[in-house]
Amino acid sequence: MSVETKAPRVPCCSKLKLFLISLSFVYFAKAFGGSYMKSSVTQIERRFDIPSSLIGVIDGSFEIGNLLVIAFVSYFGAKLHRPRLIGIGCLIMAAGAFLTALPHFFQGQYVYETTLSHIPEENSTESILPCLANTSHLVINDLSTAASKAACEKEAGSSMWIYVFLGNMLRGIGETPVMPLGVSYLDDYARKENTAIYLACLQTVGILGPVFGFMFGSFCAKIYVDIGSVDLESISINHKDSRWVGAWWLGFLVSGFLMLLAGIPFWFLPNTLAKQCKSPSKKRQKEDIQAKSSSDTPEVEPEQGSFLPEDNTEEDAPQPVTMAAMAKDFAPSLKRLFSNKVYLLIILTSVVAFNGFIGMITFKPKFMEQVYGQSPSKAIFLIGSMNLPAVAVGVIVGGLVMKRFKLSVLGAARLSIVSSFLSFCLLLIQYFLQCDNSEVAGLTMTYQGATEVSYQQESLLSQCNMGCSCSLKHWDPVCARNGITYASPCLAGCQTSTGVGKEMEFHNCTCMQELKGGLMAPPTNMSAILGQCPRKSDCDRMFKFYMAVTVLGAFVSACGGTSGYIVLLRSIHPDLKSLALGMHTLIGRTLGGIPPPIYFGALIDRTCLKWGLKRCGGQGACRFYDSHAFRITFLGLVYCLYGLANLLWGVLYLQLSKRQKKLELRSQAKATALEANGNNNPNGHAMVSIFKNKDDLDRDNESTI
């Protein structure tokens, strides 16, 4: 007898586990591609010379792709072959990744802006004279730009960012079936008490994707964009320079191959499975048999109970349905779904929280670069190696807490609220972890403290460089021995230079004269080297505190991730599960994924102090920000959004508590009615009362939950 019962269970459980493993790899691959896109935002912005607001539009194109198809995929996909739809999505994501990398192979070589680009001969030993040499070359450059701007734009491929936009949108379309169809498939065929740990596994493996994505992004950010086609010795900038562009295209090729591999297993998985077996011990089997024989009422699992009435009807085999029938039922299903008050509150809370999270993660590398003076590659590396592992551990801990303490829906909501509030408190601490602005002559400094050099308001010109006819548009920073950065060697008043490439050094810089005893005296060293000056030593110490706070905050916030999903899954009817998850993703990404990078980027652009110059003229990407204004703008937006999300969590919890009390009272009334009817007439009025109570509960849940 035992052999007969175990025989069908093995393939059932093995196929479900195979689906879980395959879906986990898809989560890893799509998270790898998405996080690599986030890590490459700065590189793409510099390569195509576009502002942060436009890079926000490109980043939001992923959500635009989701918006186009997710409602239909979530609804119709639930009635079709779900694993194969996920496999098709993987193919589309792979195509989108390859399309994103395509512009690199059709664009010309990257030409970074510099005031010295026209001057040196590679084998020349002639000394460059920055202060004297700029006038003629700048005039020639302006004339040639005015005469052939259209041809230059075409050669530079300045509009090829559109391919990145379309490729990212295609990735969004392909990602659409993964979450709603994959999660609903798992929840349909897994035991309810296992759903939380399965979701935790998915999210944990999904978080490993961003870890590797950001790490690989950090690696690529140090590789020059045209690696293999240029002589790296002739490049005068390094990966710490704001004009440097890394090999942004490389990660998208890797991401595309990963997605192709991830989609293969789904073509061989069945559309339906038997419900996951419990595999209990022999003692537990006997107890279950005795319980079934002695009780006519179904067993209720309180730890994973939902706010929905129990439906004791046996599941019928799936019947074939026509597209017309599905389309006819679509509008009524939407009406039932959006009459659920708890679901609407979850949607609203998620939208606000998504706004804060997407805006923060998109521009966090730039925040670390501008406020704490870190290079983009180091910022990306630290996010991937410290913040994201903390998130993975937090998700695991949250799932284990759910399973260990068998939390109810209210318990899951409490866990989410506590983790959200504590992470918000840790966010507030970041406001006090600040560094001083970089000292850049004419931008953050209008008077050089120990010198008699003063600058006009919002101008890089001073008496020391007035006779050099310097370009005010170019950004070619040099670091003086006095710790001050100048926008170019010419604007530092440098007269001569030695060395070539990255080793070039400038001498006799007139803007570095010092006051001694009230008289002008040359400093001991009036030289400067290429690149921006590093921050003061106390900024490194402050950055370590910042990283500790962010890592702890990431862990605490992630502890409530799984419990939040459980609240969502247990608050909707089973037949609406795929549609509810799809609409949650649709609305969350439409209102919480598309706008944040755009308005975050637009407000961050307002803190720019020095814009770059495009190859063919015109305003390019920002080269230098006011770090104080950047910090206040960035953190202010995050605080407002996360503060509002915490308030909405409180409202949601009150609604959940109110609904739970109503259901408890009705359950007691139902039990009393069953007992009374059973004693009076077990064959007659009992069944009428049961179905009446069930219909009332169904009607109430559809209209008020």
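## Surface and overall composition

The protein exposes about 32,100 Å², of which carbon and sulfur atoms supply 63%. The model is predicted. Its secondary structure consists of 22 helices and nine strands.

Of the 705 residues, 52% count as buried. Among contacts with a separation of 6 or more, 80% are between residues 24 or more positions apart.

## Nonpolar surface patch

Helix H5 (82-106) and helix H11 (250-262) each supply at least two of the patch residues, and H11 gives the most, with three.

Tryptophan 267 is located in the loop between H11 and helix H12 (282-294). This residue counts as partly exposed because its relative accessibility is 35%, a value between the limits of 20% and 50%.

## Charged surface patches

Negative charge gathers in a surface patch made of Asp436, Glu439, Asp538 and Asp540. Within this group, aspartate 538 belongs to helix H17 (residues 537-558) and, at 39% relative accessibility, is partly exposed.

A positive surface patch is formed by Lys222, Lys240, Lys378 and Lys544. Lysine 378 has its place in helix H15 (residues 376-404); with a relative accessible area of 42%, lysine 378 is likewise classed as partly exposed.

Side chains of opposite charge can pair when their charged atoms come close. The count of salt bridges in the model comes to eight. One of them joins the side chains of lysine 30 and glutamate 175, at 3.1 Å from N to O. Lysine 30 lies in helix H2 (residues 9-39) and glutamate 175 in helix H8 (residues 161-175), so this pair ties together parts that are 145 residues apart in sequence. Both lysine 30 and glutamate 175 are buried.

A further salt bridge connects glutamate 369 and arginine 46, at 2.9 Å from N to O. This pair links distant parts of the chain, with glutamate 369 in helix H14 (residues 341-372) and arginine 46 in helix H3 (residues 41-47), 323 residues apart. Glutamate 369 is buried, at 11% relative accessible area, and arginine 46 is buried at 4%.

## A partly exposed pair and a network

Arginine 481 forms a salt bridge with glutamate 505, their closest N and O atoms being 3.0 Å apart. Arginine 481 lies in the loop between strand E1 (478-480) and strand E2 (485-486), and glutamate 505 in strand E4 (residues 505-507), so the pair ties together parts 24 residues apart in sequence. Arginine 481 is partly exposed, with a relative accessible area of 46%; glutamate 505 is partly exposed at 21%.

Salt bridges with shared partners also join Asp241, Arg243 and Asp476 into one network.

Terms used:
Residues are numbered from 1 along each chain as its sequence is written. This is a predicted model: local features need pLDDT of at least 70, side-chain atom pairs count only at pLDDT 80 or more; totals for chains, interfaces and linings use all residues. Side-chain values use heavy atoms; hydrogens and water are left out. Patches are made of residues with over 30% relative accessible area and no salt bridge: like charges are joined within 9 Å, nonpolar side chains (Val, Leu, Ile, Met, Phe, Trp, Tyr) within 5 Å. Accessible areas come from the Shrake-Rupley method with a 1.4 Å probe; for residues, only the protein chains shown count as cover. A salt bridge is a side-chain nitrogen of Lys or Arg within 4 Å of a carboxyl oxygen of Asp or Glu. Lys and Arg count as positive and Asp and Glu as negative; His and the chain ends are not counted. The place of a charge is taken as NZ of Lys, CZ of Arg, CG of Asp or CD of Glu. Helices (H or I, at least four residues) and strands (E, at least two) are DSSP runs, numbered from the N terminus. Buried means under 20% relative accessible area, exposed over 50%, partly exposed in between (1.4 Å probe, protein chains only). Contact means heavy atoms within 4.5 Å.
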